[in-house]
Amino acid sequence: MAVRSHAPEKAKVLRNARLATFAENAQGIGIVEGGAVGIVDGRIAFAGPQSEIPSELAVAEQVDCEGRWITPGLIDCHTHLVYAGNRANEFEMRLAGASYEEVARAGGGIVSSVKALRSASEEELITQALPRLSTLMAEGVTTVEMKSGYGLDLENERKTLRVARRLGEINPVSIRTTFLGAHAVPPEANRDKDAYIAKVADEMLPALAAEGLADAVDGFCENLAFSPQQIERVFNKASELGLPVKLHADQLSDLGGAALAARYGALSADHLEYTSEDGAKSMARAATVAVLLPGAYYFIRETQRPPVDLFRKHGVRIALATDCNPGTSPLTSLLLTMNMAATLFSMTVEECLAGVTREAARALGLLGETGTLETGKWADLAIWDIERPAELVYRMGFNPLHARIWRGQ
């Protein structure tokens, strides 16, 4: 496999375009009619009205966009994209009426994903992950977060994160890695959650941090996973090591996960179907982004919607992501994710589009580098064959991407 090149390109200008900049000081989605984007050495040198293009870009290569729309490249800020095999058999069992417990007794659930990942080599994991990543990229995605969490021991968590890094080396896409050792209890732990969490915090996390394999640390705070106190032990170690945290919170019940994430200044709290108003207030004060995952909501037939109105009321930023994983959201389309968020969660077009660009960048701590069309940021762009941005949320199973640009190329 060829390793991608970071060689700078000469300057170029994308002209005759309509822009949706998503700049924070802009009105709405930041529409610029008759717009242009100037790119120098992979970064945005100008984004605005074509009539205001700086003179130094006059000699740059000129590309006619023929009236197409340009948005920031899309960002999938919550995935479990590196996994082995699939769980279609469990899906079929559930359709036939099997309960979660029956599926688990038959060897299903996360245990099956752990077994499959542990038995797969790095090359096998790359081969299986590439089609999923390619599908996202084909829809204009330029940044993807990838979590571990199906290894559940040092060797296999390391393997997962190494594969995620390698996927970013052989593809023109930015990868952010998240250590999710506190995802579930491995079979060999004999249901001793405290002992396993001690291993995550005291052995696995320091080792992976020292190897530079994790950009952030995540945990699953839920009755069927880990308690707030157990998650705190992991987050305390992450803080010692200088790593930002995220949290799977309030998906199936309200254990105060949103407030817990906020206490640690988490980049994001994700799922959030059962988050209370106090949790929303805490997130707002901490500037913790709410990452909503409509694919999982749909796939497991959840009925409790995340409290979008509370997030709006208290000014919590909202991002969207696929939650791509083999068990509860085998989804590899951010375009469909937006449609689901609009249809199932009553989110607006503006909220959905911002949720997979600016707010998704914020949820990864990357807003200073990507997520909007602003000078100085990476030239991560998507060019669309659409008449209006609402089409990106409105359509299902249709991809109007004309071109995807990552770091100017």
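The legends below describe close-up views of selected residues in a predicted model. Local features are given where pLDDT is at least 70 and side-chain atom pairs at pLDDT 80 or more, whereas totals for chains, interfaces and linings use all residues. Residues are numbered from 1 along each chain as its sequence is written, and side-chain values use heavy atoms, with hydrogens and water left out.

**View 1. Arg 118 and Glu 188 meet in a salt bridge.** The structure holds 28 salt bridges, a salt bridge being a side-chain nitrogen of Lys or Arg within 4 Å of a carboxyl oxygen of Asp or Glu. In the pair shown here, the N to O distance between Arg 118 and Glu 188 is 2.8 Å. The two residues are 70 residues apart, with Arg 118 in helix α3 (residues 110–119) and Glu 188 in the loop between β8 (174–182) and α6 (193–210); helices (H or I, at least four residues) and strands (E, at least two) are DSSP runs numbered from the N terminus. Arg 118 is partly exposed at 26% relative accessible area, and Glu 188 is partly exposed at 45%, where buried means under 20%, exposed over 50% and partly exposed in between (1.4 Å probe, protein chains only).

**View 2. Arg 166 forms a salt bridge with Glu 122.** The closest N and O atoms of this pair are 3.3 Å apart. Because Arg 166 lies in helix α5 (residues 154–169) and Glu 122 in helix α4 (residues 122–137), the pair ties together parts that are 44 residues apart in sequence. Arg 166 counts as partly exposed at 25% relative accessibility, while Glu 122 is buried, with a relative accessible area of 18%.

**View 3. Glu 232 forms a salt bridge with Arg 263.** Here the closest N and O atoms are 2.9 Å apart. Glu 232 belongs to helix α7 (residues 228–240) and Arg 263 to helix α8 (residues 257–263), so this pair ties together parts that are 31 residues apart in sequence. Glu 232 is partly exposed at 23% relative accessibility, and Arg 263 is exposed at 55%.

**View 4. Asp 270 is buried yet has no salt bridge.** Asp 270 lies in strand β11 (residues 268–271), and the nearest side chain of opposite charge, Lys 147, is 4.6 Å away (Lys and Arg count as positive and Asp and Glu as negative, with His and the chain ends not counted). Leaving aside neighbours within four places in sequence, Asp 270 is in contact (heavy atoms within 4.5 Å) with His 78, Leu 247, His 248, Ala 249, Val 291 and Leu 293.

**View 5. Thr 337 is found in helix α12 (residues 334–345).** Thr 337 counts as buried, at 0% relative accessibility. A polar atom of the Thr 337 side chain lies 2.8 Å from the backbone oxygen of Ser 333. Apart from neighbours within four places in sequence, the residues in contact with Thr 337 are Pro 294, Leu 320, Ala 321, Thr 322 and Leu 331.

Key. Polar contact = N/O pair within 3.5 Å; in protein donor to acceptor, adjacent residues only side chain to side chain.
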